[in-house]
Amino acid sequence: QIYFLCVTGALCWCSCWDGASLKINRKQVMLAKLRKSCSCTPEKLKNFLMDFLPVLRWLPKYKCKEYIWGDVMSGLVIGIILVPQAIAYSLLAGLKPIYSLYTSFFANIIYFLMGTSRHVSVGIFSLISLMVGQVVDRELLLAGFDLNDDASPALGDSSLQNDTQSNTTAFNLTIAGMNAECGKECYAIGIATALTFVAGVYQVLMGIFRLGFVSMYLSEAVLDGFATGASLTILTAQVKYLIGIKIPRSQGHGMLVITWINVFRNISEANICDVITSAICIVVLVTAKELGDQYKHKLKFPLPTELVVIVVATLVSHYGKLNEVYASSVSGAIPTGFIPPKVPPFNLMLRVAIDALPLAIVSFVFTVSLSEMCAKKYAYSIRANQEMFAVGFCNIIPSFFHSFATSAALAKTLVKTSTGCQTQVSGVISAMVVLLVLLFLAPLFYSLQKCVLACIIIVSLRGALRKFRDVPARYQVNKMDTFVWIVTTSASALISTEIGLLVGIVFSLLCIIVRTQRPRTALLGQIQDTNFYEDDLEYENLSSVPKVKIFRFEAPLYYANKNYFLKSLYRLTNLDPNLEVARRKKYKKEKRHLKKGDHTTANGLGIGETALQLVPKQTDFQALVVDCSSILFLDTSGVNTLKEILKDYKDLNISVLLACCNPSVIDSLKRGGYFGKDFGSMQEMLFYSIHNAVQFAKDQKLPADCSV
């Protein structure tokens with residue numbers, strides 16, 4: 001066998017000398033690989049389907065006795081929470097509540113089939129709803145629709161059941177009709193579905209080309225700032241419903257400031273009924289939330305406070321006739337059943353293509369970050385690329401069924417994990433609860449006041465708004481991240497959410513650049529009786545090393561910070577070699593003039609005075625050790641900078657020693673010719689530790705002309 005292998009290897013080696021045969025072999029290998037990758041075998045098709053639909057892998061292994069109780073309980077709780085939130089978030093999206101229910105239903109079903117996280121709750125999310133609503137409002141204004149047209153209930157004097165049936169019929173007619181009132185609603189959902197479809201396509205393309213790395217540029221500070229700024233915008237948008245006033249819906253930049261100005265101008269027109277209802281609902285919701293947080297370890301599942309508030313408020317509003325007597329704004333008719341699917345309008349896709357990009361990125365980032373958080377906590381793995389496909393199809397497919405953009409939601413995900421969720425089956429249970437509302441219970445929410453929905457939204461923002469309390473602690477931990485958070489929050493609130501996100505990303509990147517352009521530098525001293533060295537300004541009782549200066553630069557050395565490197569080095573060592581060399585040359589020249597008997601200089605000063613001014617500095621060190629442990633990489637400018645200081649200090653008979661260089665820095669120095677052509681002097685210029693470099697410098701003899 002060994003003989004056969006040797007002969008075969010020799011023959012193959014000999015054949016490689018023939019260029020033509022080598023070319024043919026390469027071509028054949030490439031064709032074989034291409035043929036293998038493009039071939040469709042039953043095994044490949046099976047693996048593709050199982051990767052594309054992970055439910056086919058884990059569902060057959062589902063442990064029913066062990067998992068079913070936790071999944072059912074978790075699904076029911078999430079479904080109960082989801083219904084009032086879906087109706088409430090329709091205010092943010094500028095759409096009818098029925099569309100929010102559609103979104104919640106389809107998103108849970110699709111993520112059950114395609115998602116890899118067991119605990120993430122995918123559906124409507126306040127930030128995503130806000131981003132959709134801003135685009136919808138803008139396009140409605142451009143199309144000439146009145147954003148403040150709140151149609152009053154058409155059949156308010158009849159019974160609730162008759163109202164529901166009549167309005168359902170009218171709703172179905174308006175979907176196919178083209179009258180003015182219907183046109184606004186149809187156009188609004190058309191914009192939302194077009195935006196959602198394009199965002200889903202972006203996410204699928206990002207998954208195909210594996211562009212998930214884009215999410216790395218959204219730091220925690222940027223995401224927190226974006227969420228907080230958007231929360232302020234959401235809060236502002238709900239104030240008019242909270243106190244029952246009619247003000248124009250502001251659009252464009254500065255919406256938050258303009259809205260608050262309009263609120264205070266019209267505060268005298270507040271609806272007393274809505275104000276009292278809002279106050280009661282907020283007190284009840286906040287109290288229940290605080291008690292729930294305080295006793296969450298004793299409760300098996302969270303209290304369905306939102307559902308209780310909605311049921312009670314709806315009954316009070318209906319039987320107290322708050323809409324007819326006090327003109328309190330109500331949700332209106334929510335039809336039952338499903339509207340026939342419809343292709344999102346292509347002409348609107350072109351109008352919202354740019355708006356869909358930040359929507360796609362934010363939706364994906366929140367979903368993947370929550371998925372990774374849950375996977376880490378419960379010790380299982382997810383596939384980030386498949387998560388991108390899952391959330392992409394959670395947008396593409398529902399857009400044909402009058403749904404808008406979705407994402408994972410933090411609050412509902414935390415509820416899921418705390419109520420015993422085991423697998424994605426809980427999402428199906430939640431979808432069944434929403435389906436029950438869609439088919440039978442939706443008309444019962446006709447008399448629900450909009451101020452109650454606004455209260456639910458505002459109370460749900462507690463977590464994001466509480467981050468203002470964390471600013472001092474955040475500032476103590478990292479000042480730069482705090483500035484990023486403040487800038488992102490301010491831009492998201494005062495300009496717009498999309499621009500705020502862009503500003504946050506750009507400012508975060510600029511902060512990184514600034515930190516590398518002006519990094520921390522220090523001279524090091526030796527910790528007594530040890531081989532370790534630290535910053536002599538940060539630590540006490542450090543001893544200086546005689547005749548040796550140790551300089552640390554805490555950043556990569558590249559073209560943008562090379563000048564700062566040199567300035568810091570010269571400042572800390574109190575020696576600029578270029579100036580010192582020039583001063584010495586001029587001093588020697590003046591000494592020659594003095595020997596010749598010329599006692600005056602060109603500037604009219606006496607030679608003694610000039611010579612006194614040009615006396616070179618007394619250099620107090622003979623070796624400079626550069627601690628490269630924090631230098632991650634060198635570019636061409638960085639290598640040239642080190643070569644420059646090597647040459648300049650050599651003119652002053654000062655050795656330059658490099659310590660703690662990583663392999664990439666050493667390779668850059670070799671390629672840049674820092675050690676010479678044969679690398680012969682490398683062992684006298686490069687050291688694995690600062691202490692080795694210091695010991696080498698101490699062993700060197702001080703040259704005779706080292707100082708003057």
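Begin by selecting glutamate 534, which at 25% relative accessibility counts as partly exposed. The model is a predicted one. Show next arginine 552, whose side chain forms a salt bridge with glutamate 534, with 3.5 Å between the closest N and O atoms. Arginine 552 belongs to strand S6 and glutamate 534 to strand S4, and the pair links distant parts of the chain, 18 residues apart. Arginine 552 is buried, its relative accessible area being 13%.

Since aspartate 627 lies in strand S7 and arginine 552 in strand S6, the pair ties together parts that are 75 residues apart in sequence. Both aspartate 627 and arginine 552 are buried. A search of the whole structure finds 17 salt bridges.

**Strand S7 and its neighbours**

Now select residues 621-627, strand S7, where seven of seven residues are buried. Strand S6 (residues 547-553) runs parallel to S7 and is joined to it by six bridges. Within this pairing, lysine 549 stands opposite leucine 624.

For one of them, select phenylalanine 621 and tyrosine 649: the rings are tilted, at 6.5 Å centre to centre and 55 degrees between the planes. Phenylalanine 621 lies in strand S7 and tyrosine 649 in helix H28, so this pair ties together parts 28 residues apart in sequence. Phenylalanine 621 is buried at a relative accessible area of 2%, and tyrosine 649 is buried at 0%.

Elsewhere, select Tyr99, Tyr102, Phe105, Phe106, Phe338 and Phe401, which ring pairs link into a cluster. Two further selections show a charge over a ring. Arginine 118 lies over the face of tyrosine 380, 4.3 Å from the ring centre. The charged end of lysine 479 sits over the ring of tyrosine 475, at 5.2 Å from its centre.

**Two helices**

Proceed to helix H26 (residues 577-596), which holds both glutamate 580 and arginine 583, three residues apart, about one turn of the helix. The two form a salt bridge, with the closest N and O atoms 2.8 Å apart. Glutamate 580 is buried at 1% relative accessibility, whereas arginine 583 is partly exposed at 24%.

Select next helix H7 (residues 126-142), whose 17 residues reach 24 Å from first C-alpha to last, close to the 24 Å expected at 1.5 Å a residue. H7 is mostly covered, with 14 of its 17 residues buried. Just after H7, glycine 144 takes a positive phi of about 95 degrees.

Most residues other than glycine have a negative phi. Lysine 321, although not a glycine, has a positive phi of about 50 degrees. Its place is the loop between helix H13 (305-320) and helix H14 (322-326), and at 49% relative accessibility lysine 321 is partly exposed. Finish at aspartate 529, also not a glycine, with a positive phi of about 60 degrees. Aspartate 529 is found in the loop between strand S3 (521-527) and strand S4 (533-535), and is exposed at a relative accessible area of 82%.

Terms used: Residues are numbered from 1 along each chain as its sequence is written. This is a predicted model: local features need pLDDT of at least 70, side-chain atom pairs count only at pLDDT 80 or more; totals for chains, interfaces and linings use all residues. Side-chain values use heavy atoms; hydrogens and water are left out. Buried means under 20% relative accessible area, exposed over 50%, partly exposed in between (1.4 Å probe, protein chains only). Helices (H or I, at least four residues) and strands (E, at least two) are DSSP runs, numbered from the N terminus. Two strands pair if DSSP finds at least two bridges between them. Rings of Phe, Tyr and Trp (its six-membered ring) pair if their centres lie within 6.5 Å; planes under 30 degrees apart count as stacked, over 60 as edge-to-face and the rest as tilted. A charge sits over a ring if NZ of Lys or CZ of Arg is within 6 Å of the ring centre and within 35 degrees of the ring normal. The expected span of a helix is 1.5 Å times one less than its number of residues. A salt bridge is a side-chain nitrogen of Lys or Arg within 4 Å of a carboxyl oxygen of Asp or Glu.
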